[in-house]
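Colleague: I am new to this structure. Please take me through the contacts made by its charged and aromatic side chains.

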Amino acid sequence: MSSVDLSLDGYPTLCELAKSTAYIRACIGPAGSAKTSGMVKILMMLSIQQKPDSQGIRWTKWLVVRETYQQLISATLNSFKTFLEPIADIRESAPPIIRVRLPLPDGTFVNTMFEFLSMDKPDSVTKLLGYEPTGAFLDEISELNESIIEGVVSRVGRFPSGSR
């Protein structure tokens, strides 16, 4: 894993967030304080910690939400690309998807997917119907409608099957 730096050194708040086992975690801070970059690293750490299946694959699927599509593409997706590009298959489709298949020293593999959705209206919650992620990252959550936050929280913990 020398191609990816998961260190949060120098970011004590993000280190504490990474250690938390709370169902819902939140981090606030000023612009440029590495919140999004830290979340990319934390989601990768959680993917590595996922229990492997009988084939030795650690499956995870992450939903990444931002209010507008423009913000999602120009800011959030770029942060993920900057960090994951060396190890990822990046598809700038609609919605954008990043897939990572990463061998680990113990012989298992991380197989994770990040799917990026914009949710700018309360009825955007319909995009989540049938959606089954391991977890979600709500970037700039203060800008999201409460019904979207509730909708996302109700969907997490469903992948891999039986993980809730």
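Modeller: Start with a definition: buried means under 20% relative accessible area, exposed means over 50%, and partly exposed lies in between (1.4 Å probe, protein chains only). At 32% relative accessibility, D89 is therefore partly exposed. Its salt-bridge partner is R91, with the closest N and O atoms 2.9 Å apart. A salt bridge here is a side-chain nitrogen of Lys or Arg within 4 Å of a carboxyl oxygen of Asp or Glu. R91 is partly exposed as well, at 47%.

Some ground rules. This is a predicted model, where local features need pLDDT of at least 70, side-chain atom pairs count only at pLDDT 80 or more, and totals for chains, interfaces and linings use all residues. Residues are numbered from 1 along each chain as its sequence is written, and side-chain values use heavy atoms, with hydrogens and water left out.

The whole structure holds 6 salt bridges. One of them joins K41 to D5, the closest N and O atoms being 3.8 Å apart. K41 sits in helix α2 (residues 35-49) and D5 in the segment before α1 (12-19), so this pair ties together parts 36 residues apart in sequence. Helices (H or I, at least four residues) and strands (E, at least two) are DSSP runs, numbered from the N terminus. K41 is buried, at 15% relative accessible area. D5 is partly exposed, at 47%.

Now take R66 and D139. Their salt bridge has its closest N and O atoms 3.3 Å apart. The pair links distant parts of the chain: R66 is in strand β1 (residues 57-66), D139 is in the loop between β5 and α4 (146-155), and 73 residues separate them. R66 is buried at 12% relative accessibility. D139 is buried too, at 4%.

Next, the rings. There are 3 aromatic pairs. Rings of Phe, Tyr and Trp (its six-membered ring) pair if their centres lie within 6.5 Å; planes under 30 degrees apart are stacked, over 60 edge-to-face, and the rest tilted. F80 and F137 form a tilted pair, 6.3 Å centre to centre with 35 degrees between the planes. F80 belongs to helix α3 (residues 69-84) and F137 to strand β5 (residues 135-138), 57 residues apart. Both F80 and F137 are buried. Ring pairs join F80, F114, F116 and F137 into a cluster.

Last, a charge over rings. This needs NZ of Lys or CZ of Arg within 6 Å of the ring centre and within 35 degrees of the ring normal. K61 lies over the face of Y131, 5.1 Å from the ring centre. K61 also lies over the face of F159, at 5.2 Å.
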